[in-house]
Amino acid sequence: MDKLKDFLLKKFKSSSSEENSGGVKVVFIKELADQLSSIRCLILFALIALTGIVSFYSAASNIGAVSEDSGANFILIRLFATSGTSLPSFTWFLSLLGPLVGLSMGFDAINAEQNSGTLTRLLAQPIYRDDVINGKFLARLFILALMTFALGGFVAGMGIILTGVAPEGEEIVRLLIYLLLSIVYMAFWLALSMLFSVIFRQTATSALSGIALWLFLTIFLPIFAGMVADTLYPITDKADALTQLNNIRIAQGISRLSPSTLYSEAAITILSPSVRTLGPVLMEQAYGAIPGFLPLGQSLLLIWPHLTGLIAGTVIIFGITYTLFIRQEIRA
Amino acid sequence: MNGQNIIEIQNLTKRYGSITAVDNLNLSISKGEIFGLLGPNGAGKTTTILMLMGLSEPTSGSISVAGLNPTREPIKVKRIVGYMPDSIGFYGDMTGRENLYYTAKLNRIPEERQDDLIDSLLAKVGLKDAADRKVREYSRGMRQRLGVADVLLKDPEVVFLDEPTLGLDPEGTAELLDIITELGKKEGKTVLISSHLLHQVQAICDRVGIFVKGKLVAAGTISELAQKIGGERAIEIKASPIEAFPSDVVRSMPGVNSISMQNDMIVIDGAGHELAPKIVRELVAQNMDIYHLKIRGSDLDDIYHRYFQEGGASSNG
């Protein structure tokens, strides 16, 4: 037994020293320092933090109306998804601006190094190509996580002071899930912008294509979805229930192709336990239902497809980016 | 493999789509040699170097660098080979020293050795005073020199320098070439320089290879190359008065093929070395003033042009 252990240990050690060039760590640390000292990154963080804090503050000042409507349970996390008197909610801002953070971090990840001639020099060092792309992605992901948790923690703390209500255990879990969801959402856009930075040689091109896709998916796709639904199943005075139902289903189905729709729906569900369904509900179905809060497990079940969708999208896009980068000729 | 040859290239071919960048290249470079890869832009020099580094995959053929196959074992090759790309880039918002620390970490140089090593290399390339300035503020020459320090950090056995003198002023070029010569001659490193600037390379290289359109058209020492085309030498003369030129006498000399006029120069095609003194004597006897006399084909310029013409002609035709 001991011999086996010894053997495995040796094998592991030798394989790690042979296979692992240690480049990921070096690239990771360097990229981390780069991002943290970049003004671009700071500006975007400040933008998100400011809008987030202001919207949360305005929601919190509106707390009376909120608790009157649906009781005082889960008041802290519900504030995240509540819009104030004049401002949209915190989640709305994050769903709109989160992509910008991801895009701004990744759009020049590879092509800027290509243009400045540092990429060839970097790849001439004894590291694998994987190390470069993985290190870059992980460093940015780490900063996204850092930002999100810092902001979420700050806002939640502010909420406790403003409302004077101590959070319940489940609230904290829900908040953590929400923050993780936000990280995945921004990571999706990060992966996308890194893909553009591999495909396009010019940083301006990759930035613009990222922004174009962001505008399309967050703003135009929901409008487009409504148009398609109205064309296929027009809602008139005489439209029957089935047509109306189909209209909603089509519109929802199309707009769910957009990650920001997925994110918004999932965020609302996890932050407002009173949300029971994301699709249309018939009167018959709602009849006899006792109003109340969904348990955490049920809320999670409701957003499971959203969460897996976002994670899968991120992984697939990063996978494509990785493959393209590995196969790319150094000079085309 | 020959134990003396650190680089061995056999039947190497690289195609990008329908374009053949490197065409059936055979070359061996022995240890401690400074080899110059000459050729015009787009001749396939950089592609060849990239394949030697394992940064690009050959379409066919085999490469061995210190007994290693760069395609199969790129990491091992990159550990012993330093490469300075033609448009070398550094991170502009980092200082020269910070850039070197990054390279040192990527090469897993132990931390306790990094400080001394980087200090000594910066001194060697003459960047000691500028080491803590941002690279953005560096001049082209300083960047190139930082590039040399960057390449030497890993203490490579083989150094590839791609167009190292490109865009440098004469002084910067001279300094850089001094550093390179020292590498090869004193430290015994194998150096492969690619360039389209002949004179600089001529001065420091042991051997040169001439590369045209992906093909190595000639390789050897400068004098070997000169000898190869020696039989076809010509003499060019500028003298006045031109009417006094004794063309009949010269034409009757043994070894003279033809006489022609190019602009204001008389060009005598033939065995230059034997003919030149005789012709001069003849011209002096005619009371002509000689302003210029050159035996064509004896310097790199002529070698270069001749091979380029040949290479161009054979691949066109």
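Q: How many Å apart do the C-alpha centres of domain 1 and domain 2 of chain B lie?
A: The model is predicted, so local features need pLDDT of at least 70 and side-chain atom pairs count only at pLDDT 80 or more, while totals for chains, interfaces and linings use all residues. Residues are numbered from 1 along each chain as its sequence is written, with chains lettered from A and ligands numbered from 1 in the order in which they are written. Chain B is divided into domain 1 (5-227) and domain 2 (231-296), with bounds that come from an automatic or database domain assignment. The separation of their C-alpha centres is 44 Å.

Q: What is the bridge partner of Ile235(B) in strand 12 of chain B?
A: Strand 10 (residues 234-240) and strand 12 (residues 265-270) of chain B pair in the antiparallel sense over 4 bridges. In strand 12, Ile235(B) is partnered by Ile268(B).

Q: Which helix gives the most to the side of chain A that touches chain B?
A: The contact (C-beta atoms, placed from the backbone, within 7 Å) takes 19 residues from chain A and 22 residues from chain B. Helices are DSSP runs of H or I, at least four residues; helix 2 (23-37) and helix 8 (118-123) of chain A each give two or more residues to this side. With 4 residues, the one that gives the most is helix 8 of chain A.

How values were computed:
Pairing = 2+ DSSP bridges. Contact = placed C-beta atoms within 7 Å.
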